[in-house]
Amino acid sequence: MSFTEAEAGFVEQRFEFLDIVRTRYPTYPLTIHEILEQTTRPVQSTLVDRLNGLTTAEAEEIAELMGNGLGVVHIVPRTFEFPERGQEHPLLAFAERLRQITPIGSPIEHPMEAHPDALARFGQRDGTLKIYDLPIESGSDRYREQAETNEMFDGHNDGLGFAGLIKTVMFTLDSPPLVGGYTFFQNLVSIAPAIAAEDDEAFKALFLPDAITAIRPRGKGAIKVVAPVFFIGRDGIPQTFFRISTGEYQIQWKHHDGLNRARSLLERLARPFAPRSEFVHLVRPGETVVIDNQHVIHGRTPFVNPIEGPGRVLARKWFVPNESDSEYRHVPVVDVDRRWSRYFPEQFSANRLTGEWHYDQELDENVPAEQT
Ligand SMILES: O=C(O)CCC(=O)C(=O)O
Ligand SMILES: [Fe+2]
């Protein structure tokens, strides 16, 4: 299948992508076979005394594991003091300290942090977004995000609509489930060299500007994002944009033989406990994961809550590269390095990279938020 001139120019970014990835992951797998032979492993973990009050040595250890591992670290505090209502969540002090040692980015506020349902359930805001199984009365048409159920949440990066700028994601367990609720991870960027070595046609196609389309059809967060699966992002960093259809999310891939092969492999590797994947079972309050959201996808298995008590509750925080990126955005594209985005000036126009857009199901189009 041949590419247009613009596509051919755009997918040239794959060479720089590979160079950076090979340096970042010196022990990257050389073949797809080698990937499929690997087992799933627990996420690398480290003990700290307490989340708020991280010592320099503890922060350095976490930074080291982040930089030399597969982009996910599990932190287990010896003691965890649950925040009083209205006090800041310990995750924020933890992140503030870690940020001084390693570039995880700056925290942003998510509009849903102030949602009346969450305030009614958890009291005043503590600066995190609560992820929990939101019960809905039967017959109610309240829309639930997949994260707000106790169902399987398939592999994805966070921040659909944030232009690929959610650099880091952190979760802290506030309260455990009865059973289930494993969180799983796969570093898709680190497997790029193996795909490139074996199937250049598939590899190239992953960089097409319209390789994948992700639609969240309903609710306040309705958006349709068209993107490459692999790309060099605005800050010159290799990134992945990937999602599996789950709940209401609709995922479409461009029709292309090579891309179909790549899709089968990536979707296989994105499943819980897949070869080379990592997993963690957050069961003790305070257990935390730090995720490189631009390289690593994550998801969680279904869970069952106890009859009494709050059940499984995660506190989630998102981090953007710079403080200047912290303004909320909800847009239909990812921010690709200018050297390549210039091949598709309409798709990557400045006004499609900031502000708020909403997907209109009837039009099958994103429209600026003012118009909805
Ligand atoms: O429940 C989990 O472990 C993960 C939830 C999730 O992926 C999210 O909130 O984005
Ligand atoms: Fe997520």
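1. Let me start with the five-stranded open sheet, whose strands follow the order β1-β15-β9-β17-β6 with mixed pairing. Strands here are DSSP runs of E with at least two residues, helices are runs of H or I with at least four, and both are numbered from the N terminus. Two strands pair if DSSP finds at least two bridges between them. β1 (41-42) and β6 are the edge strands; each has a single partner strand, so one side of each is left without a neighbour in the sheet.

2. A word on what you are looking at: this is a predicted model, in which local features need pLDDT of at least 70 and side-chain atom pairs count only at pLDDT 80 or more, while totals for chains, interfaces and linings use all residues. Residues are numbered from 1 along each chain as its sequence is written, and chains are lettered from A and ligands numbered from 1 in the order in which they are written.

3. Now the whole chain. The protein chain has 10 helices and 21 strands. For 372 residues, a compact globule would have a radius of gyration near 21 Å, and the 20 Å of the protein chain agrees with that. The radius is taken over C-alpha atoms, and the globule rule is 2.2 Å times the number of residues to the power 0.38. Along the principal axes, the C-alpha atoms fill a box of roughly 60 × 50 × 35 Å. Of the 372 residues, 45% count as buried. Buried means that 20 or more other C-beta atoms lie within 10 Å of the residue's own, exposed means 12 or fewer, and partly exposed is in between, with C-beta atoms placed from the backbone.

4. Back in the five-stranded sheet, β17 deserves a look. Five of the five residues of β17 are buried, so the strand is largely enclosed by the rest of the structure. In a regular strand the side chains alternate between the two faces of the sheet. Both faces of β17 are covered, with V296, H298 and R300 buried on one side and I297 and G299 buried on the other.

5. Strand β9 (residues 182-187) runs antiparallel to β17 and is joined to it by five bridges, with F184 opposite G299. β6 is also antiparallel to β17, through two bridges, and here H156 has H298 as its bridge partner. H156, in strand β6, counts as buried because it has 22 C-beta neighbours inside 10 Å. H156 and F185 are 29 residues apart in sequence, yet their C-alpha atoms are 9.2 Å apart in space.

6. At the other end of the sheet, β1 and β15 pair in the parallel sense over two bridges. R41 has E278 of β15 as its bridge partner.

7. Another piece to check is β3. Strand β2 (residues 45-50) runs parallel to strand β3 (residues 72-79), joined by five bridges, and T46 has I75 as its partner in β3.

8. A163 has a positive phi of about 65° although it is not a glycine, and lies in the loop between β6 (153-156) and β7 (168-175). A163 is buried, with 25 other C-beta atoms within 10 Å. R276 likewise is not a glycine and has a positive phi of about 65°. R276 sits in the loop between α9 (257-269) and β15 (278-281), and counts as buried with 20 C-beta neighbours inside 10 Å.
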